[in-house]
Amino acid sequence: MTDLVFADEEDESDAAAAAAAALDPWVVLIVDDDVAVHQVTQLVMADFEFAGRRLLFLDAYSAAEARVLLKSRRDVALILLDVVMESEHAGLELARFIREELDNHHVRIVLRTGQPGQAPEEHVIKSYDINDYKEKTELTKRKLITVFYAALRSYRDIMIIEQSRQALRRSIDAITRVYDSQNLRRFASAVLEQVAYLLGYEARGVCASRVAAYAASHAEGRLKILAATPEYSRMLVDEEINTLPPRVCAALDRALVEQQGNSDPQHFVGYYRSSSGNETLLYMEFAEVIDEQARELLEIFCANVAITYESLLLREEIQDTQRSTVYIIGEAVESRSMEPGEHVRRVGEIAALLAEATGMREADIEFLRLAAPLHDVGKIAIADRVLGKPGKLDEQEWASVQTHARVGFELLRKSDKRILQLGAIIAHEHHERWDGQGYPRGLIGDQIHIAGRIVAVADVLDTLLSQRCYKPAWSFEDSVAYMSAQAGTQFDPLLIQHLLARLDAVKDIYQRFPDA
């Protein structure tokens with residue numbers, strides 16, 4: 001069970017009312033130099049509501065005052081605009097300023113004039129981008145309400161189109177980065193926002209998933225947020241389901257207990273259970289009554305997010321298993337020569353750091369991070385007495401050690417997997433030297449694969465900094481001095497430059513992965 005908070009059933013109507021009240025009001029700006037016009041308009045429209053949202057009035061008593069206000073606010077839905085204020089055409093000039101200089105084509109502008117002769121209707125409608133023209137004498141309460149309904153409905157539809165366009169842009173941008181479950185949240189949130197706009201409703205909500213309890217590596221059955229509309233966007237950060245409003249928690253908990261979705265005219269709770277037992281929930285609340293087609297679309301969204309999330313989790317599980325296997329193999333080989341277990345992990349991290357410095361692509365950096373720990377896998381064929389010898393090796397023993405590069409290559413190259421193919425190259429070439437005096441083939445300079453050159457630097461640096469059966473650990477300063485002195489002879493000089501420029505990052509790796 002979850003830690004969801006229950007709401008009392010008798011409070012459901014109050015919760016629905018609270019949900020409606022929580023919607024942002026429509027912002028209406030009255031621009032008129034007559035104080036009475038402001039007072040009467042607000043008094044007449046005090047109880048007006050459209051799409052579950054009330055009104056918030058802003059006042060400006062001149063065109064100049066309105067200009068200042070509109071420069072700082074882009075949420076004004078309707079402007080009731082007088083024509084004659086500080087000048088005969090102050091209102092008309094303000095309308096042009098709004099459309100042309102502020103480039104605001106969303107707000108609805110209703111021109112209200114008490115002197116129609118100063119601004120003839122046909123001329124104004126033709127010459128200025130306004131949405132309605134009314135004489136103040138004809139604006140009874142009934143007609144004023146009609147004006148508000150028409151203007152706000154038009155503004156809502158325009159904003160739905162605009163927000164849908166922006167959500168579609170975010171969806172398209174996010175879809176190229178859906179390569180793990182974390183990025184799925186960004187994509188699914190963009191799509192959820194897009195779905196809400198396409199439905200044509202004012203909507204807000206969250207989508208959450210609970211992975212089957214037996215999948216111990218994935219939070220053991222706790223609900224995790226997968227998607228959220230902007231109102232709940234902070235949930236993507238802290239993922240604390242129990243911080244949701246009680247009405248939302250109660251709705252989600254009911255769906256989990258009943259293992260099915262439920263809905264009423266202005267709420268939708270979707271439930272999807274995969275073949276693996278993972279459960280996905282979608283909670284949406286609307287300012288208006290939703291139809292059956294909207295519910296069907298939301299159910300499809302819920303199911304598809306669930307399936308995608310499960311697939312990504314499975315892929316991540318496989319990748320984690322591969323990564324762990326590589327480390328286990330590398331550590332097992334290193335343990336035979338009594339080298340610290342974190343050696344292979346640090347070599348991978350230092351290699352990734354240097355690869356990033358060379359401008360390598362992100363995907364290639366990750367492949368190198370995973371392949372580098374296999375650099376000494378060929379040591380599996382070397383006798384324990386040689387690997388563990390505390391003193392200097394004789395000529396025959398040294399020749400035996402040198403064979404590990406070739407053995408590692410032969411072992412790993414048999415696989416067609418990219419990580420192991422790269423591991424084969426690294427195993428074969430990480431003991432080559434920039435000056436051509438290395439082994440097993442005596443490659444020189446750029447003849448050595450960049451991965452081999454990088455791991456050569458990472459491996460030697462970590463060997464110097466670590467205690468071995470044949471030597472004590474060197475200090476960081478002495479190790480760095482040695483690496484610097486060997487630039488252009490043992491090591492690629494450019495890689496040494498990158499290393500020296502990133503010593504703080506190297507120290508951080510040793511803090512994160514110290515020897516036990």
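**Helix α17 and its surroundings**

Guide: In this predicted model, the buried residues of α17 are F476, S479, V480 and M483. Viewed along the axis of α17, these buried residues fall within an arc of 95°, so they line one face of the helix. The spacing follows a general rule: an α-helix has 3.6 residues a turn, so residues three or four places apart point the same way. On the face of α17 turned away from the buried side are the exposed residues E477 and A485. The cover over the buried residues of α17 includes α16, α18 and α19.

Leaving aside residues up to four places away in sequence, M483 touches V457, V460, L461, L464, F491, I496 and L499.

The largest nonpolar core has 35 residues, and L368, V457, M483 and L499 touch the most other members. The elements that give two or more residues to this core are α11 (343-357), α12 (362-371), α15 (418-429), α16 (450-465), α17 (476-485), α18 (493-500) and α19 (503-512). Helix α16 supplies the largest share, nine residues. Another core, of 29 residues, lies apart from this one and includes V31, V76, M85 and V107.

The structure holds eight aromatic pairs. In one of them, W26 and F50 are tilted, at 5.6 Å centre to centre with 35° between the planes. This pair links distant parts of the chain, 24 residues apart: W26 is in strand β1 (residues 26-31), and F50 is in the loop between α2 (35-44) and β2 (55-60). Both W26 and F50 are buried.

Another pair, W398 and Y439, is edge-to-face, with 5.8 Å centre to centre and 85° between the planes. W398 belongs to helix α14 (residues 395-412) and Y439 to the loop between α15 and α16, so the pair ties together parts that are 41 residues apart in sequence. W398 counts as partly exposed, at 41% relative accessibility, whereas Y439 is buried, with a relative accessible area of 12%.

W26 also belongs to a cluster in which ring pairs link W26, F48, F50, F57, F148, Y149 and Y155. The charged end of R53 sits over the ring of W26, 3.7 Å from its centre. Elsewhere, R67 lies over the face of F97, at 4.5 Å from the ring centre.

Conventions:
Residues numbered from 1 in each chain as written. Predicted model: local features only at pLDDT ≥ 70, side-chain atom pairs only at ≥ 80, totals over all residues. Heavy atoms only, no water. Core = buried A, V, L, I, M, F, W, Y, C linked by side-chain atoms within 4.5 Å. Buried < 20%, exposed > 50% of the residue type's maximum accessible area, 1.4 Å probe, protein only. Helix = DSSP H or I, 4+ residues; strand = E, 2+ residues; numbered from the N terminus. Contact = heavy atoms within 4.5 Å. Arc of directions from axis to C-beta. Phe/Tyr/Trp six-rings, centres within 6.5 Å; stacked < 30°, edge-to-face > 60°. Lys NZ or Arg CZ within 6 Å of the ring centre and 35° of its normal.
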